[in-house]
Amino acid sequence: MEEKKKKDGEGKNIKELAKGTQVWKAIFGDLLFGEFKPFSPINSLMRGIAKIMQLHPYNMSVGGKRIIMYTFCLGGLSVFFFALLSCTGAFLMIYYNPDVNKAYANVEDFRYIVPFGILIRNMHRWTAHLMVMFVSLHMLRVFLTGAYKPPRELNWIVGVILLVLTMLSSFTGYLLPWDQLAYWGVTIGCSMGENAPLLGAKGPFALLESGKDVNSILVGGAAVGQPTLLRFYLLHAIALPLGITGLMGFHFWRIRRAGGVSGPL
Ligand code: HEM
């Protein structure tokens with residue numbers, strides 16, 4: 001009996017060990033356990049991670065070959081624009097200061113002083129417009145091809161949240177140059193929040209009182225000012241990009257779980 005228990009225990013341990021080894025092998029497979037090829041470590045690591053995360057399906061339907069013409073790669077292009085926005089945004093962050101006395105001058109500096117500043121700033125602006133356009137077109141494509149139907153309903157909902165976050169990114173970025181257009185645009189945008197259903201103090205079915213509603217949280221005071229600029233900057237440069245990145249990961253994982261992109265079969 002004692003011996004059997006020991007054996008079972010041992011068996012369990014070995015099983016657990018083997019599980020660990022499999023994961024280890026899947027990630028570092030070719031690098032540690034296969035034949036070593038110079039320059040291949042990064043390649044094999046990426047393949048291993050893709051295998052573990054189940055990023056792409058093992059099989060592809062015959063119709064899948066026509067997938068680019070079917071989806072127009074609108075989702076993929078949205079990912080590309082997001083990556084470009086992150087890179088150009090990181091560059092702009094080096095010179096931009098979210099201070100009401102400095103922000104406008106910083107933005108002017110991009111035009112006249114910072115090397116390649118005008119190029120990077122315009123790339124950031126135009127890519128932001130393109131991303132809103134392409135995410136909307138991607139949504140239209142998903143709707144027209146009926147790709148929102150089971151088993152993809154949850155991904156449609158995730159997509160709607162991604163669209164809202166993309167638009168919020170544009171809205172929060174609009175205030176950052178701190179010029180007249182930005183100031184009054186955001187003043188109007190935020191006061192619309194006051195009349196929003198449920199979350200606005202004056203909106204239908206208001207749940208929150210004045211001073212604690214979505215408008216007050218965004219503005220951070222009686223009028224648009226320094227607290228608003230700081231809030232919008234943090235939302236624009238940290239919270240929204242992190243939220244979009246996380247949800248994109250979930251979006252892709254759901255596509256994988258649904259057996260890949262739906263397509264002409
Ligand atoms: C930041 C925004 C978004 C990104 C980066 C993104 C990315 C992607 C990518 C790369 C695909 C693979 C197929 C393709 O390229 O068309 C995809 C599929 C899908 N997306 Fe999005 N998407 C976004 C927003 C949305 C929105 C707004 C919706 C709808 C409300 C949506 C719903 C879906 C659905 C249901 C699929 C599966 C389609 C199928 O299997 O044919 N996505 N998305």
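Visitor: Let's start at the metal. Which protein donors does the iron atom of the ligand have?

Guide: Bear in mind that this is a predicted model. His-138 and His-251 are the protein donors of the iron atom, each through its NE2 atom, and they lie 2.1 Å from it.

Visitor: What is the geometry of the iron site?

Guide: General idea to begin with: six octahedral donors ideally sit at angles of 90 or 180 degrees. In this model, the angles among the six donor atoms run from 87 to 179°, and the site is octahedral.

Visitor: Which helices do the two histidines come from?

Guide: His-138 belongs to helix 6 (residues 117–144) and His-251 to helix 10, so the pair ties together parts that are 113 residues apart in sequence.

Visitor: Is His-251 buried or exposed?

Guide: Look at the relative accessible area; under 20% counts as buried. For His-251 the value is 12%, so this residue is buried.

Visitor: Which residues of helix 4 are buried?

Guide: The buried ones are Leu-74, Ser-78, Phe-81, Phe-82, Leu-85, Thr-88, Gly-89 and Leu-92. They cover an arc of only 150° around the axis, so they sit on the same side of helix 4. Cys-87 and Ile-94, on the other side, are exposed.

Visitor: And what covers the buried residues of helix 4?

Guide: The cover includes helix 3 (67–71), helix 5, helix 6 and helix 10.

Visitor: How should I read the nonpolar cores?

Guide: As a rule, nonpolar side chains in soluble globular proteins tend to be buried together. Here the largest nonpolar core has 17 residues, and Tyr-96, Leu-175 and Leu-229 touch the most other members. Helix 5 (103–112), helix 8 (180–194) and helix 10 (226–257) are the elements giving two or more residues to this core. Another core, of 15 residues, lies apart from it; Leu-74, Phe-134, Leu-163 and Ile-244 are among its members.

Visitor: What is Leu-229 in contact with, leaving aside neighbours within four places in sequence?

Guide: On that basis, the contacts of Leu-229 are Tyr-96, Pro-98, Asp-99, Val-100, Ala-103, Leu-175, Leu-176 and Trp-178.

Visitor: Where does Ser-169 sit?

Guide: Ser-169 is in helix 7 (residues 153–175). With a relative accessible area of 14%, Ser-169 is buried. Setting aside neighbours within four places in sequence, Ser-169 is in contact with His-236, Leu-240 and Ile-244.

Visitor: Which peptide bond is cis?

Guide: The one from Pro-150 to Pro-151, with omega near 5°. Pro-151 is in the loop between helix 6 and helix 7.

How values were computed
Residues are numbered from 1 along each chain as its sequence is written. This is a predicted model: local features need pLDDT of at least 70, side-chain atom pairs count only at pLDDT 80 or more; totals for chains, interfaces and linings use all residues. Side-chain values use heavy atoms; hydrogens and water are left out. A nonpolar core is a set of buried Ala, Val, Leu, Ile, Met, Phe, Trp, Tyr and Cys residues joined through side-chain atoms within 4.5 Å. Buried means under 20% relative accessible area, exposed over 50%, partly exposed in between (1.4 Å probe, protein chains only). Helices (H or I, at least four residues) and strands (E, at least two) are DSSP runs, numbered from the N terminus. Contact means heavy atoms within 4.5 Å. Donors are N, O and S atoms within 2.8 Å of the metal (3.2 Å for Na, K and Ca); water is not among the atoms, so sites may look incomplete. Four donors count as tetrahedral if all angles lie between 85 and 135 degrees; four count as square planar and six as octahedral if opposite donors are over 155 degrees apart and all others between 65 and 115; anything else is irregular. The arc is that of the directions from the helix axis to the C-beta atoms.
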